[in-house]
Amino acid sequence: KKDLPVKYYTMPGMARGSFLPNLDNARLFRTGVLVEGWFDVFGFGPMSMPILGGSVTSTQQSLFATIFGRPGRAGVLLLDPEEFDKMGTQKTIKALDQKMSGKLAAVKLPDGTDPGKLDRAFMRQYVIEAAADQGVKLDFGWMD
């Protein structure tokens, strides 16, 4: 992988797992959503942040939990369905859930779907219902 061209960033020494793109915008919302890539952000909306891959690094987890684990906030992990059942994703869910004290909803979309290609209204409603089933109340509105 070291010989491959940089995919998302051009600054020498930058590592994809050292930051959460769109965090400055997403923090303006009550609920933050972690997704895989930029097209998923475009599909879900401005409260989402791409992890730029299939795994959430410990740095990204800390950034996310620090903001969306606070009172009056919540977070969603919304990766592509084929990533959801992987051991790394399940470890991430456990780690984030511990850091966020029950304010995390880990949502698996229907098989064969992708957050970057689904209708936004359908996706948000699906996520709200899946989160409610996990006891997590979501609000995609702006912070006061």
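Modeller: Happy to! One term to begin with: a residue is buried when its relative accessible area is under 20%, exposed when it is over 50%, and partly exposed in between, using a 1.4 Å probe and protein chains only. Also, this is a predicted model, in which local features need pLDDT of at least 70 and side-chain atom pairs count only at pLDDT 80 or more, while totals for chains, interfaces and linings use all residues. Residues are numbered from 1 along each chain as its sequence is written, and side-chain values use heavy atoms, with hydrogens and water left out.

Colleague: What share of the protein chain is buried?

Modeller: Buried residues account for 44% of the 144 residues.

Colleague: And how many helices and strands are there?

Modeller: There are 6 helices and 4 strands. Helices (H or I, at least four residues) and strands (E, at least two) are DSSP runs, numbered from the N terminus. Along the sequence the pattern reads α-β-α-β-α-β-α-α-β-α.

Colleague: What order do the strands take in the sheet?

Modeller: The order is β2-β1-β3-β4 in an open sheet of 4 strands, with parallel pairing. Because β2 and β4 stand at the edges with a single partner strand each, one side of each is left without a neighbour in the sheet. On average, neighbouring strands are turned by 20 degrees against each other, direction ignored. For pairing, DSSP has to find at least two bridges between two strands.

Colleague: Let's look at β1. Which of its residues are buried on each side?

Modeller: On one side T31, V33 and V35 are buried, and on the other G32 and L34 are, which leaves both faces of β1 covered. With 5 of the 5 residues buried, β1 is largely enclosed by the rest of the structure.

Colleague: How many bridges join β1 to β3, and how many to β2?

Modeller: β1 and β3 run parallel and are joined by 4 bridges, with G32 opposite G75. β1 and β2 (residues 48-50) also run parallel, joined by 3 bridges. There, V33 stands opposite S48, and L34 has M49 as its bridge partner.

Colleague: Switching to helices: which residues of α5 are buried?

Modeller: T89, T92, I93, L96 and M100 are buried in α5. Seen down the helix axis, those buried residues fall within an arc of 105 degrees, so they line one face of α5. That arc is taken from the directions from the helix axis to the C-beta atoms. On the other side, M87, K91, K94 and Q98 are exposed.

Colleague: What does the buried side of α5 pack against?

Modeller: Its buried residues pack against β1 (31-35), α3 (58-68), β3 (74-77), α4 (81-84) and β4 (104-106). Contact here means heavy atoms within 4.5 Å. Just after α5, S101 takes a positive phi of about 50 degrees.

Colleague: And α6, which residues are buried there?

Modeller: In α6 (residues 120-133), the buried ones are M123, V127, A130 and A131. They fall within an arc of 100 degrees seen down the axis of α6, so they line one face of the helix. A121, A132 and D133 are exposed on the other side. The buried residues of α6 pack against α2, β3 and β4.

Colleague: I'm curious about D40. Is D40 buried or exposed?

Modeller: D40 is buried, with a relative accessible area of 5%, and sits in helix α2. Beyond neighbours within four places in sequence, D40 contacts V35, S48, D80, D114, P115 and G116. D40 and G116 are 76 residues apart in sequence, yet 3.9 Å apart in space, C-alpha to C-alpha.

Colleague: Last one: what does Q60 touch?

Modeller: Not counting residues up to four places away in sequence, Q60 touches R16, G17, F19, L20, I51 and S55. Q60 is in helix α3 and counts as buried at 0% relative accessibility.

How values were computed:
Axes fitted to C-alpha atoms, helices over the stretch in contact; angles between N-to-C directions. Expected span 1.5 Å × (residues − 1).
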